[in-house]
Amino acid sequence: MTSPRRRPNRGRRQIAALAGGLLLAAGLSGCGPDVSTESGPPAAAPRTSGGTGGVNHPAVASRPHVVLISFDGFRPDYLDRFDTPAFDRLAARGLRAAGLISVFPSLTFPGHYSIATGLYPEAHGIVANRFHDPVRNDEFNYRESDDAGDGSWWGGEPIWVTAEKQGMVAAAFFFPGTEADIGGLRPSHWRPYDGSVPNAARVEQVLDWLALSADVRPHLVTLYFSLVDSAGHDLGPDSPDMRRSVEEADRLLGVLTDGVAALPHAGRVALVVVSDHGMAAPDPDRLTVLPELADLSGIRTVPAGAALSLHVGDPERSGALRDELNARLTHARAYLREEIPAHLHARDNPRIGDILVIPDGLGLVGFRRTVERVRLLLRPGMHGWDPRLPEMHGILLAAGPGIAAGVGLPAIRAVDVYPLIAHLLDLTPHPGVAGDLSALAPALTE
Ligand code: AMP
Ligand code: ZN
Ligand code: ZN
């Protein structure tokens, strides 16, 4: 197994992160480091490769505002099992999907960035929370702010970049990808991720942004909360104690919706609530300690959710190893990358590895230490499995201008959210988006 390498230029970003936190603690406007303010407002046509510089193009003045809110790891059944009046009110005013079908692996970074771009991970490049890129011979780790903030890892075009290019100010209070200079652009307002920022302060800042004068008021705002995901990992999704984090999430959503309702332009603000994946208890009868089954010496291995990615580097050895593993595996299967089941959309990027060993059902493939943690019930909740499993579904609710009231929809794909937001904001989507509006059409008004 490889250990993540350390890089020397870490200090600069940590200082930036600290500065962001201090601004926030001091109650100042608290914009993070901002590269796009240097480019100034766009010229006549609202299509530029630069950003807005924090000022809306006059051509977008009549467009609505969309707040994209993510409650990480929120499973749809929580809405039925617990008391969630704010979610229920939102659903009554708009649409509620039976679920949001995550991507593979159903993890935070690939999941959020597929929501943001309308692309599958193989196309946008964030193929897991951690991965190895054999072409640049470097490793991405979502816990390293140098990586999360380095736009060269992030492909495709997230919705906030589409907005900024087309004359709309975007603002982010966290969302994976918003810290990175993707194609040279960030939202006009953004912050380095800091999980210790109180959730109430995040909501307050978003309401302050929405109260700005129309020329600088963001048309797209992102907001992210991790509390439900953390509780799901610690308690397991079926625990009655999930109530506390779910009801707290509902309370935060209530503060946001009440705040929006009090704005003079409340009727022009749409809310889109998502989660990136669900949560499930791992199956203790389907655990595989991979190194016990074959000689992995010289092979770089990286966990990809419950699966394990192997960078072999030699096609002949890859084929032989895949066969050797499949002869021995009882609760998992090894695939050459080009053989990975098509519905997982995980073939077209070398970052996925030469071989992917995928567990059956809710099993786990890993090293002894990871597997022992599950065996000892130290990880009551996990995610990362096949997004078709209902336990891996996230949520989608939305209400506001352009959305019909009280519409129930079947499960919608995560890649359909980018087209939804682009439609609501009347933005031209970037080419090559995998998602579309067909499943959402019954909930859309003119
Ligand atoms: P996971 O490990 O897949 O369960 O991811 C959830 C965790 O991702 C959260 O608890 C956060 O600690 C972390 N996280 C979420 N957003 C970001 C971000 N933008 N940058 C770094 N870490 C993040
Ligand atoms: Zn997540
Ligand atoms: Zn998680």
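**Reading a sheet and a core**

Modeller: Let's start with an open sheet of seven strands, in mixed pairing, ordered β6-β7-β1-β8-β15-β2-β16. Strands are DSSP runs of E, at least two residues long, and helices are runs of H or I, at least four, both numbered from the N terminus. This is a predicted model, in which local features need pLDDT of at least 70 and side-chain atom pairs count only at pLDDT 80 or more. Residues are numbered from 1 along each chain as its sequence is written.

Biologist: Which are the edge strands?

Modeller: Strands of a sheet pair through backbone hydrogen bonds, either parallel or antiparallel. Two strands count as paired if DSSP finds at least two bridges between them. Here β6 (170–173) and β16 (407–409) are the edges, each pairing on one side only.

Biologist: How many bridges join β2 and β16?

Modeller: Three, in the parallel sense, with β2 spanning residues 95–97. Arg96 sits opposite Gly408 in β16.

Biologist: And what is a nonpolar core?

Modeller: It is a set of buried Ala, Val, Leu, Ile, Met, Phe, Trp, Tyr and Cys residues joined through side-chain atoms within 4.5 Å. Buried means under 20% relative accessible area (1.4 Å probe, protein chains only). The largest one here has 65 residues, and Trp154, Trp160 and Leu220 are among those touching the most other members. Helix α13 (residues 417–424) gives the largest share of this core, six residues.

Biologist: Which residues does Trp154 contact?

Modeller: Contact means heavy atoms within 4.5 Å. Leaving aside neighbours within four places in sequence, the partners of Trp154 include Phe109, Tyr113, Phe140 and Pro176.

How values were computed: Chains lettered and ligands numbered in written order. Heavy atoms only, no water. Buried < 20%, exposed > 50% of the residue type's maximum accessible area, 1.4 Å probe, protein only.
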